Amino acid sequence: MWPFILWLEALMNTLDYTCVFGVDYQDARTKFLDSADRVAGRITTYRHPDETGPSGEELAIDVARLGSADAPRQLVIISGTHGLEGLSGSASQVAWLHTIA
């Protein structure tokens, strides 16, 4: 069996998914930032210069760097830029961060 499938099966048996899904943008963002902080991720935030969310919340792109900035190979994972795919993409990133913590 492929290593990814084995990892996925192990993850499904050990992770409580209710703790990784945010109910809205702010909740998903907080879960991502908290999870990245737990694995010593270096956070860079790029705030939208003019717009805010429906409740007046800050809109931003948060980048968590794990490992060396000088690494010859790097992986970039993007969770979505709007709508429901942002919440589900963020949840998969948070779940992954929980597995490496």
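**Entry 1: Arg29**

I looked up Arg29 and found it buried, because its relative accessible area is 10%. Buried means under 20% relative accessible area, exposed over 50%, and partly exposed in between, with a 1.4 Å probe and protein chains only. I note that this is a predicted model, in which local features need pLDDT of at least 70 and side-chain atom pairs count only at pLDDT 80 or more, while totals for chains, interfaces and linings use all residues. Residues are numbered from 1 along each chain as its sequence is written, and side-chain values use heavy atoms, with hydrogens and water left out.

Which residue forms a salt bridge with Arg29 at 2.5 Å between the closest N and O atoms? I found Asp62 there. A salt bridge is a side-chain nitrogen of Lys or Arg within 4 Å of a carboxyl oxygen of Asp or Glu. The pair links distant parts of the chain, with Arg29 in helix α2 and Asp62 in strand β2, 33 residues apart. Helices (H or I, at least four residues) and strands (E, at least two) are DSSP runs, numbered from the N terminus. Side chains of opposite charge can pair when their charged atoms come close.

**Entry 2: Asp62**

I placed Asp62 in strand β2, which covers residues 58-65. Is Asp62 buried or exposed? Asp62 counts as buried because its relative accessibility is 15%. I also listed the polar contacts of its side chain: one of 2.5 Å with the side chain of Arg29, and one of 2.8 Å with the side chain of Thr45. A polar contact is a pair of N or O atoms within 3.5 Å; within protein, one must be able to donate a hydrogen and the other to accept it, and residues adjacent in sequence count only if both atoms are side-chain atoms. Leaving out residues up to four places away in sequence, Asp62 touches Arg29, Phe32, Leu33, Thr44 and Thr45. Contact here means heavy atoms within 4.5 Å.

**Entry 3: the other salt bridges**

I counted three salt bridges in the structure. In one of them the side chains of Glu58 and Arg29 meet at 2.9 Å, N to O. Glu58 sits in strand β2 and Arg29 in helix α2 (residues 25-38), 29 residues apart, and the pair links distant parts of the chain. Glu58 counts as partly exposed because its relative accessibility is 31%.

The side chains of Arg47 and Glu58 also meet in a salt bridge, at 2.5 Å, N to O. This pair too links distant parts of the chain: Arg47 is in strand β1 and Glu58 in strand β2, 11 residues apart. Arg47 is exposed, because its relative accessible area is 52%. Salt bridges that share partners join Arg29, Arg47, Glu58 and Asp62 into one network.

**Entry 4: the two strands**

I checked how β1 (residues 42-52) and β2 pair, and found the antiparallel sense over seven bridges. Two strands pair if DSSP finds at least two bridges between them. The bridge partner of Arg47 in β2 is Ala60, and Thr44 stands opposite Val63 in β2. The hairpin of β1 and β2 has five residues between the strands, and Gly56 takes a positive phi near 85 degrees there.

An α-helix has 3.6 residues a turn, so residues three or four places apart point the same way.

**Entry 5: the whole chain**

I noted three helices and two strands in the protein chain, running α-α-β-β-α from the N terminus on. Its C-alpha atoms fill a box of roughly 50 × 35 × 20 Å, taken along the principal axes. Of its 101 residues, 25% count as buried.
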